[in-house]
Amino acid sequence: MPESSIPDGWSGEFEALDGLIPADAEVPWPTVAIERADVPGRKPFAATRVNVDISYEASATLRFPQLTWLGRGRRPVDAPATTDESTPEHGG
């Protein structure tokens with residue numbers, strides 16, 4: 001299984017989520033906004049300008065999506081959204 005990594009051209013603080021999903025699941029690409037992420041040990045949060053990498057197939061039935069964003073793009077789910085146009089886009 002691949003490790004989380006920083007996309008090319010990014011610097012500074014970043015965060016990543018990854019895991020396994022069915023290979024036939026519909027995945028938004030190349031970027032998406034996370035409306036709510038429930039991660040054990042963390043308060044629920046939302047994230048903006050999330051880069052989606054679905055290039056790794058773990059098996060014939062599973063895919064390994066990796067979601068990566070700059071740390072300042074994350075906020076508690078009850079906080080208002082902000083736009084940060086300076087966030088670099090992930091080039092695939």
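In this predicted model, strands β4 (residues 45-57) and β5 (residues 62-70) pair up antiparallel over 5 bridges; strands are DSSP runs of E at least two residues long, numbered from the N terminus, and two of them pair if DSSP finds at least two bridges between them. The two form a hairpin, with 4 residues between β4 and β5. Within this pairing, Val52 sits opposite Leu67 in β5.

β4 has other partners too. Strand β3 (residues 31-37) runs antiparallel to β4, joined by 4 bridges, and here Val32 stands opposite Val50 in β4. Strand β6 (residues 74-76) is likewise antiparallel to β4, with 3 bridges; Ala47 has Arg74 of β6 as its bridge partner.

Now for the pocket (on a 1 Å grid over the protein atoms alone, an open set of points where a 1.4 Å probe fits, with protein on both sides within 12 Å along at least five of seven lines; lining residues have an atom within 4 Å of a point). The largest pocket comes out at about 270 Å³, the volume being the space filled by probe spheres set on the points, which are joined across faces, edges and corners. Its lining takes in 13 residues, with Ile21, Val27, Pro28, Pro65 and Leu67 nearest the centre. β1 (14-18), β3 and β5 each put at least two residues into that lining. By class, the lining has 10 nonpolar residues (Ala, Val, Leu, Ile, Met, Phe, Trp, Tyr, Cys or Pro), 2 charged (Asp, Glu, Lys or Arg) and 1 polar (any other, Gly among them).

Residues are numbered from 1 along each chain as its sequence is written, and side-chain values use heavy atoms, leaving out hydrogens and water. Local features need pLDDT of at least 70 and side-chain atom pairs count only at pLDDT 80 or more, while totals for chains, interfaces and linings use all residues.
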